[in-house]
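Let's walk through this one together, a piece at a time. Keep the sequence and the picture side by side as you read.

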Amino acid sequence: MNRLQELTLNGFKSIKEMDLQLQPLNILIGANGAGKSNLSLLL
């Protein structure tokens with residue numbers, strides 16, 4: 001089974017720019033309004 005390994009975002013909702021290397025388990029931690037929910041919409 002294939003899985004997503006890398007994600008590059010530029011200008012997506014509240015995330016200005018980000019390169020993210022994904023692992024089998026990923027945990028999003030951050031302050032309120034940092035864009036965690038916006039990122040979880042993609043995954």
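**Starting from threonine 8**

Threonine 8 sits in strand 1; strands here are DSSP runs of E with at least two residues, helices are runs of H or I with at least four residues, and both are numbered from the N terminus. What you're looking at is a predicted model, where local features need pLDDT of at least 70, side-chain atom pairs count only at pLDDT 80 or more, and totals for chains, interfaces and linings use all residues. Residues are numbered from 1 along each chain as its sequence is written, and side-chain values use heavy atoms, with hydrogens and water left out.

Is threonine 8 buried or exposed? Its relative accessible area is 51%, so threonine 8 counts as exposed; the cut-offs are under 20% for buried, over 50% for exposed and partly exposed in between, with a 1.4 Å probe and protein chains only. Which residues does threonine 8 touch, once neighbours within four places in sequence are set aside? They're Met18 and Asp19, where contact means heavy atoms within 4.5 Å. Threonine 8 and glutamine 21 are 13 residues apart along the chain, and their C-alpha atoms are separated by 8.8 Å.

Now for the pairing around it. Strand 1 covers residues 6-12 and runs antiparallel to strand 2, with six bridges joining them; for two strands to pair, DSSP has to find at least two bridges between them. Across from asparagine 10 you'll find glutamate 17 of strand 2. The two strands make a hairpin with two residues between them, and lysine 13 in the turn has a positive phi of about 45°.

Next, follow the chain onward. The loop between strand 2 (15-21) and helix 1 (36-42) holds leucine 25, and proline 24 lies in the loop between strand 2 and helix 1 too. Proline 24 is exposed because its relative accessible area is 72%, and leucine 25, at 67% relative accessibility, also counts as exposed. Proline 24 is 19 residues from glutamine 5 in sequence, yet their C-alpha atoms are 8.6 Å apart in space.

Leucine 25 also belongs to a nonpolar surface patch: Leu25, Ile27 and Ile29 together have about 420 Å² of accessible area. That area comes from the Shrake-Rupley method with a 1.4 Å probe, and for residues only the protein chains shown count as cover. Patch residues need over 30% relative accessible area and no salt bridge; like charges are joined within 9 Å, and nonpolar side chains (Val, Leu, Ile, Met, Phe, Trp, Tyr) within 5 Å. A salt bridge, in turn, is a side-chain nitrogen of Lys or Arg within 4 Å of a carboxyl oxygen of Asp or Glu.

Stepping back, the elements run β-β-α from the N terminus on. Of the 43 residues in the protein, 16% are buried. The protein exposes about 3800 Å², with carbon and sulfur atoms supplying 51% of it. Its C-alpha atoms fill a box of roughly 35 × 20 × 15 Å along the principal axes.
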